[in-house]
There are 2 protein chains.
Amino acid sequence: MAEKIHRVVYEPDGRTLFVPDGQTILEAARGAGIHINSPCGGTGTCAGCRVVIPEDPPPPTETCLRELTGEEIRRNVRLACQTRVHKDLRVVIPEESRLGDQMILTEGVEGAVALEPNVRKTTIPLPAPSVSDQRADADRLLDGLAEQGLADLRIDVKVIRELPERLRALDFRPAVVVIGRDVISVERPGTSDACHGIAFDIGTTTLVGYLMDLGSGKVVAVASRANPQAAYGDDVVARIEYCGRTEDGARRLHDLVVGALNEIVSEACRKAAVKPSAVYEATVVGNTTMNHLLLRLPVAPIARAPFVAASASAHSVSARDLGLRIHPRGRVYTAPLVASFVGADTVGVILATGMHTSDRLRLAIDIGTNGEIVLGTRERLLACSTAAGPAFEGARIRYGMRAATGAIDHVDLVDGRLVLHTIDEAPAIGLCGTGLIDAVAALLEAGVVDPSGRMRASGDAGALAPSLARRIVGADGETGFVLADKDETRSGHPILLTQRDIREVQLAKGAMAAGIAVLLDEYGARAAALEEVLLAGAFGNFIRPERALAIGLIPPVPLGEVRFVGNAAGSGARMLLVNRNLRRIADDVARGVEHVELSLRPDFQARFAEAMFFPAAGR
Amino acid sequence: MAEKIHRVVYEPDGRTLFVPDGQTILEAARGAGIHINSPCGGTGTCAGCRVVIPEDPPPPTETCLRELTGEEIRRNVRLACQTRVHKDLRVVIPEESRLGDQMILTEGVEGAVALEPNVRKTTIPLPAPSVSDQRADADRLLDGLAEQGLADLRIDVKVIRELPERLRALDFRPAVVVIGRDVISVERPGTSDACHGIAFDIGTTTLVGYLMDLGSGKVVAVASRANPQAAYGDDVVARIEYCGRTEDGARRLHDLVVGALNEIVSEACRKAAVKPSAVYEATVVGNTTMNHLLLRLPVAPIARAPFVAASASAHSVSARDLGLRIHPRGRVYTAPLVASFVGADTVGVILATGMHTSDRLRLAIDIGTNGEIVLGTRERLLACSTAAGPAFEGARIRYGMRAATGAIDHVDLVDGRLVLHTIDEAPAIGLCGTGLIDAVAALLEAGVVDPSGRMRASGDAGALAPSLARRIVGADGETGFVLADKDETRSGHPILLTQRDIREVQLAKGAMAAGIAVLLDEYGARAAALEEVLLAGAFGNFIRPERALAIGLIPPVPLGEVRFVGNAAGSGARMLLVNRNLRRIADDVARGVEHVELSLRPDFQARFAEAMFFPAAGR
């Protein structure tokens with residue numbers, strides 16, 4: 001059951017996306033940061049996402065027929081949220097379906113948020129002082145800001161120290177940068193258009209930064225790095241232990257992550273031709289340990305019963321205090337946490353998927369080194385965290401790697417023949433998370449791996465097609481499957497998936513599946529009651545829902561109810577960057593979610609053992 | 001007309017005060033920090049200040065007869081605000097007239113303010129974390145504070161960094177210090193009673209600090225220093241010029257004043273046996289230049305037309321940032337300013353005298369190196385500043401000194417004979433401000449100095465009593481008057497008042513009198529319309545109103561309408577320390593006062609020249 005990928009061209013920008021079969025035009029656009037108006041969140045009720053498909057449009061769905069006029073249908077208008085891609089298409093987004101400059105939005109997974117960033121930059125012409133207007137410089141500036149609707153602001157003494165000289169050098173026509181209620185910078189105007197922020201998703205294994213233009217709400221560059229803390233431990237518990245046994249260990253881990261974030265800032269700024277000093281605010285989502293190491297909060301109590309964090313609240317701290325090299329008086333907002341092992345990344349997933357506002361019973365799975373799982377509706381949300389391990393981010397997998405150029409990101413079995421796809425179609429270097437899921441699913445489907453996770457030995461390959469059988473080899477005392485022959489790889493050596501790799505996947509998916517089972521129990525629902533399953537993760541490419549089902553990463557639900565939502569935690573960070581009001585909602589979400597502590601559940605281990613099996617192939 | 005001083009013993013504390021003849025029991029008590037209930041502000045309308053005078057009480061005033069019962073009068077009850085001291089007295093303050101612990105107050109000049117300090121210290125017993133209560137440490141603490149009515153607080157990340165270890169060491173029963181909305185310290189309980197603040201009056205010439213127990217609202221120690229910045233200029237303009245021509249000059253002046261404030265903190269803490277780390281907040285009043293040098297704000301534009309300050313707002317800054325050695329996370333609140341030459345000291349005077357709430361037309365004169373003058377009612381307040389010079393603080397006067405041990409603070413002419421009083425009755429060292437005013441008044445009265453300010457030459461002393469005539473001597477080419485003979489002084493040399501000293505007094509009082517005249521003009525009132533004249537200044541001892549009238553420091557009004565209110569600016573700083581709500585009122589006052597720029601008034605110089613004359617003696 002190879003999945004087809006279609007080419008969709010979005011006009012008027014002419015951007016080409018490769019869209020998995022069956023995804024909607026709106027979903028695909030969102031995933032790529034193409035902004036289509038969707039106030040209802042893509043539920044087919046507002047008709048805001050009208051698009052035109054000039055050539056050979058798909059037949060209108062029932063919702064399209066209800067929401068659009070006959071004349072519109074005749075002119076090949078369709079709703080982007082209702083129209084699924086089953087072939088190559090050209091889609092024209094008309095003016096009225098684009099998001100205007102006044103409220104260009106960044107996409108959440110589940111809809112758009114208004115552009116109301118916490119950072120505002122504006123040029124204020126002030127009257128020069130005179131004997132009849134002797135107002136102090138700072139008060140004059142605050143009055144000027146209040147006249148432009150920015151009332152009730154403050155200026156720190158440190159800013160005022162430079163203010164008199166600055167104002168006079170600028171002839172009292174400064175560009176002013178405000179973060180929250182604080183005036184943080186007074187600059188030469190003309191730079192007033194350059195107002196940027198960066199949204200970070202700080203994962204245990206992978207760091208991603210989205211540089212955003214806060215004037216437009218658009219992502220202007222993305223950069224990522226492996227989390228260099230990984231050298232001191234694969235997972236959060238190992239890192240906490242490292243801090244416990246090493247003097248200055250926590251300081252070192254802090255410095256490492258900040259160093260990598262600074263590289264991300266540099267790279268993203270270089271790509272977008274933005275000065276780091278024009279980046280005024282960073283937002284951060286990350287698990288509790290990542291959050292605490294970044295903020296230099298003590299981590300020891302996180303890992304020790306009763307597992308208590310130092311602070312679960314949101315914080316806004318000085319970028320300089322953390323060592324982050326954006327504007328020196330810039331701020332870093334860290335989103336609130338739920339519990340010691342359910343962090344701000346989960347809050348980001350909830351915000352991005354809108355689970356806190358939805359009546360539909362949904363399950364969201366954020367696949368990282370920890371697997372965070374959220375279940376519920378706006379009435380009640382449960383969350384837990386499982387130690388899935390970093391397998392899906394490439395660690396502990398023999399040829400594992402991050403989603404980067406040369407990573408095998410898709411593996412298909414077409415007519416018994418293996419078809420690989422690599423990122424940027426470069427010679428293969430290794431296997432990223434989506435490739436790993438695909439490969440395991442393909443080997444299960446082909447019978448190379450059985451539901452217990454055992455890989456056929458090379459002597460036992462007789463039942464397989466010869467093209468597959470020849471790929472089973474012995475490797476360093478264990479069995480392996482040659483995914484890429486030596487002529488397909490950059491190194492000239494074959495790339496294998498080994499028996500041990502399969503076991504890592506089993507551990508990871510078993511932990512997640514067991515966590516899901518416990519949450520469903522606690523909620524009092526059965527998997528069949530799920531109205532939607534959302535797969536999230538910083539994979540850099542699409543997880544294909546049917547593959548996640550095939551390996552049992554998610555409970556058996558109909559395929560149409562499974563949706564891959566990309567890096568939803570990162571989407572949450574972006575939404576928090578462009579909309580300050582969402583921060584209060586984040587506080588409410590973080591406080592409202594019920595945390596289920598799996599380690600306290602006597603049934604967890606048994607369920608874990610059960611869940612390590614793969615579903616029987618062909619189910 | 002020598003003034004008599006009476007001994008008044010206040011029971012039950014047994015404190016003895018030396019009270020100038022005619023002062024009320026309430027005024028004298030306020031001046032010494034003895035708290036008598038006076039919600040009406042001492043206007044005789046609330047009968048709250050009932051006291052008992054067991055032995056030979058003064059006859060009841062009309063107001064006493066109206067407000068008290070016949071039985072009370074018979075039991076020797078009197079109203080403290082209505083009963084003037086004309087002889088030695090013993091006064092018993094009954095329980096109901098004392099201010100209870102719930103709302104112990106500090107005295108403003110004009111009344112009491114409730115004890116609602118910005119700093120709060122409280123011990124919070126918290127539930128220890130458990131698997132069924134996994135709240136993060138910081139959130140647990142905030143929840144506990146909210147339960148005690150301290151809601152909506154914040155904890156800075158820097159405090160949280162130490163919190164987990166601290167809470168566990170204290171078995172989750174910490175004493176918590178809150179400043180404004182910020183938790184700044186988590187400490188061992190048992191120290192929870194020790195919660196102090198310090199109120200500073202930062203004058204151009206004199207620095208005063210009042211260490212206060214914020215649990216009781218009482219001043220527990222006072223310390224003062226000469227402002228060491230004076231080495232770089234007598235007045236603010238000279239210091240601003242110094243900063244302009246010297247690299248790091250502003251930094252040096254900052255360091256000097258902070259060094260002296262730290263000495264004041266040390267001395268006051270030593271006197272009261274308080275640890276500096278238990279002093280959590282400082283409040284500061286001072287003129288605009290003193291404020292800016294303390295905050296390290298640029299001062300150059302203050303002295304350059306159009307005379308604009310960097311900031312006139314109140315600020316709350318980190319004590320550590322300023323280098324003030326109180327609690328390292330303590331805060332320094334600087335009161336708001338009116339204009340470049342009318343500072344927070346003036347705001348303090350207004351708050352302390354209640355001019356912003358009064359319907360009576362009053363004039364307040366704050367005598368310092370700058371003379372600040374306020375005129376008006378709650379409907380309209382005008383203020384100006386005059387460059388009076390530091391004569392009344394001892395500078396530019398040959399034998400001038402601060403009010404300290406050995407300073408001649410009172411000079412009387414009794415039957416043609418000079419009677420001196422020195423502080424602590426020590427051998428005379430020099431002459432402080434009140435002594436200077438007294439001495440000039442005495443010499444005017446005796447005819448030694450004529451209304452033009454000319455001192456009789458020794459050859460021209462024939463008309464004087466021989467006991468005075470012999471005191472006129474030549475001194476370094478000018479005429480001088482021997483105030484203290486060599487056997488009365490510590491040095492063994494006589495202490496003189498010279499012709500030049502008289503000229504300094506004329507300049508100072510002339511500047512103030514001219515400022516008063518301009519304000520009255522601007523207000524459209526004549527001196528006769530004044531209902532009260534308030535004399536303020538950090539004199540350390542009483543100015544006697546009749547002497548201020550005698551030298552023409554204040555306009556000719558009936559003696560009963562002149563009142564010395566002590567260091568009203570310092571009172572304002574104390575009130576701001578013990579009552580956080582007053583800070584908003586201070587903002588309103590600072591914004592509401594109309595500043596009159598004397599340098600822009602064409603009539604000022606002529607009035608100044610006029611006002612340098614002394615009133616004719618015996619008027």
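## Terms and basis of the model

A residue counts as buried when its relative accessible area is under 20%, as exposed when that area is over 50%, and as partly exposed in between, with a 1.4 Å probe and protein chains only. This is a predicted model, in which local features need pLDDT of at least 70 and side-chain atom pairs count only at pLDDT 80 or more, while totals for chains, interfaces and linings use all residues; side-chain values use heavy atoms, with hydrogens and water left out. Residues are numbered from 1 along each chain as its sequence is written, and chains are lettered from A and ligands numbered from 1 in the order in which they are written.

Helices (H or I, at least four residues) and strands (E, at least two) are DSSP runs, numbered from the N terminus.

In chain B, helix α18 spans residues 582-592, and its buried residues are Leu582(B), Arg583(B), Ala586(B), Val589(B) and Ala590(B). They cover an arc of only 110° around the axis (taken from the directions from the helix axis to the C-beta atoms), which puts them on the same side of α18(B). Arg584(B), Arg591(B) and Gly592(B) are exposed on the other side of α18(B).

In chain A, the buried residues of helix α18 (residues 582-592) are Leu582(A), Arg583(A), Ala586(A), Val589(A) and Ala590(A). Seen down the axis, these buried residues fall within an arc of 110°, so they line one face of α18(A). Arg584(A) and Arg591(A) are exposed on the other side of α18(A).

## The open sheet of chain A

Chain A holds an open sheet of six strands in the order β28-β27-β18-β19-β20-β29, with mixed pairing, where two strands pair if DSSP finds at least two bridges between them. Strands β28 (562-564) and β29 (594-595) of chain A stand at the edges with a single partner strand each, so one side of each is left without a neighbour in the sheet. Strand β20 (residues 380-386) of chain A pairs with β29(A) in the parallel sense over two bridges, and Ala383(A) has His595(A) as its bridge partner in β29(A).

## Hairpins of chain B

Strands β1 (residues 5-11) and β2 (residues 15-20) of chain B pair in the antiparallel sense over six bridges, with Val19(B) in β2(B) as the bridge partner of His6(B). The two strands form a hairpin with three residues between them, and Gly14(B) in the turn has a positive phi of about 75°.

Six bridges also join the antiparallel strands β21 (residues 407-414) and β22 (residues 417-422) of chain B, and His410(B) has His421(B) as its bridge partner in β22(B). This hairpin has two residues between its strands, with Asp415(B) in the turn at a positive phi of about 50°.

The same surface serves both copies, since 100% of the contact residues of chain B recur in chain A, contact meaning heavy atoms within 4.5 Å.

The contact takes 36 residues from chain B and 36 residues from chain A. Chain B and chain A bury about 3,000 Å² between them, 60% of it on carbon and sulfur atoms; buried area is the accessible area (1.4 Å probe) that two parts lose on being put together, summed over both. Gln134(B), Val157(B) and Arg161(B) supply 22% of the area that chain B buries against chain A, more than any other three residues. Across this interface the rule finds two salt bridges, each a side-chain nitrogen of Lys or Arg within 4 Å of a carboxyl oxygen of Asp or Glu. The side chains of Arg161(B) and Asp321(A) meet in a salt bridge at 3.2 Å, N to O.
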